[in-house]
Amino acid sequence: MEIGMVGLGKMGGYMVERLLKGGHRVVGFARTAATVDEWATKGMVPSHSLEELCQKLGAPRIVWLMVPAGAAVDGVIGELLPQLHPGDLIVDGGNSYYRDTLRRAATVARSGIDYVDVGTSGGIWGLTEGYSMMVGGSAPAVERIRPVLETLAPGKDKGWGRVGAVGSGHFVKMVHNGIEYGLMEAYAEGFQVLEAKKEFALDLAQVARIWQSGSVVRSWLLDLTEEILRENPELKGVAPFVVDSGEGRWTVTEGLDLNVPTPVIALALEARIRSREADPFSDKLLAMMRNKFGGHDVRKESSP
């Protein structure tokens with residue numbers, strides 16, 4: 001099968017590699033010419049503009065986007081539309097907000113172009129393990145890209161599926177990532193409690209290994225945690241700064257809109273935001289409040 005891939009970053013690049021190994025013809029484009037040229041040596045058909053990419057694809061075209069959520073997606077679609085024709089198909093495999101996906105699908109539909117959203121999970125492991133893909137779009141449009149989905153997934157009949165109409169793929173992926181926030185925070189807090197119990201001198205990697213077999217808390221995240229703790233038990237050189245890419249926020253907001261409580265996901269999101277505060281004003285204010293009403297001691301900052 002033939003497909004155009006826009007965006008050759010880590011995720012997009014690994015997907016291209018998996019597709020090439022699966023026998024697909026991939027025409028690729030990235031903003032950096034050197035990246036395109038590098039992938040050309042691996043069997044990808046290079047293109048150095050979106051116009052060239054569309055010219056090298058046979059009609060009806062399928063163009064898969066792997067670009068950062070937000071303005072970048074709108075920009076690429078804006079450049080693509082003049083090059084596409086009725087019957088062509090755009091696939092957004094990034095982490096777009098589902099409401100943006102609904103808007104974009106309605107926009108391209110006016111030009112007779114189909115739109116499919118693929119919430120993609122798997123990260124850097126997707127190349128070898130396959131990707132989990134939550135697909136939204138009309139049944140005929142999804143069927144058109146079935147060969148690509150089957151190649152990218154862990155198996156032809158597992159790890160992917162059409163979950164509903166356009167927008168639903170990104171909606172399900174949004175909630176997936178919100179759940180991920182909660183799971184990661186629970187593991188992190190639990191291991192911090194274990195690490196703080198100095199009198200037992202616990203081997204945290206060993207604990208993780210024990211939990212990996214037979215335990216109700218076993219998971220792939222725990223496998224990765226064991227690997228981290230085995231390689232760097234004290235996490236030396238790691239800054240306590242955790243980024244959130246948006247999906248957790250969107251999940252909490254959606255829960256509020258639907259009157260569905262999401263306290264664990266919300267607290268996990270807050271923990272990530274708190275991790276970025278090098279000089280938390282709120283904690284200083286709390287210390288001074290205790291001093292004012294109870295005369296409690298206030299620790300002074302150490303000199304730089």
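Helix 1 (residues 10–21) lies across strand 1, strand 2, strand 4 (62–65) and strand 6 (114–121), and it runs at about 165 degrees to strand 1. This is a predicted model, and the protein in it has 14 helices and eight strands. Here's a quick tour.

- Eight strands make up an open sheet with mixed pairing, in the order 3-2-1-4-5-6-7-8.
- Strand 3 (45–46) and strand 8 (160–164) sit at the edges with a single partner strand each, so one side of each has no neighbour in the sheet.
- Strand 1 (residues 2–6) pairs with strand 2 (residues 25–29) in the parallel sense, over five bridges.
- In that pairing, glycine 4 is opposite valine 27 of strand 2.

**The cores**
- The largest nonpolar core has 30 residues, and Met5, Trp64, Val116 and Met133 touch the most other members.
- Helix 1 is the top contributor to this core, giving four residues.

**The whole protein**
- Of its 304 residues, 39% count as buried.
- The C-alpha trace spans about 75 × 40 × 40 Å along its principal axes.
- Take the contacts between residues at least 6 apart in sequence: 64% of them join residues at least 24 apart.
- The accessible surface comes to about 16600 Å², and carbon and sulfur atoms account for 58% of it.

Conventions
Residues numbered from 1 in each chain as written. Predicted model: local features only at pLDDT ≥ 70, side-chain atom pairs only at ≥ 80, totals over all residues. Heavy atoms only, no water. Pairing = 2+ DSSP bridges. Helix = DSSP H or I, 4+ residues; strand = E, 2+ residues; numbered from the N terminus. Contact = heavy atoms within 4.5 Å. Axes fitted to C-alpha atoms, helices over the stretch in contact; angles between N-to-C directions. Core = buried A, V, L, I, M, F, W, Y, C linked by side-chain atoms within 4.5 Å. Buried < 20%, exposed > 50% of the residue type's maximum accessible area, 1.4 Å probe, protein only. Areas by Shrake-Rupley, 256 points an atom, 1.4 Å probe, with all protein chains shown as cover.
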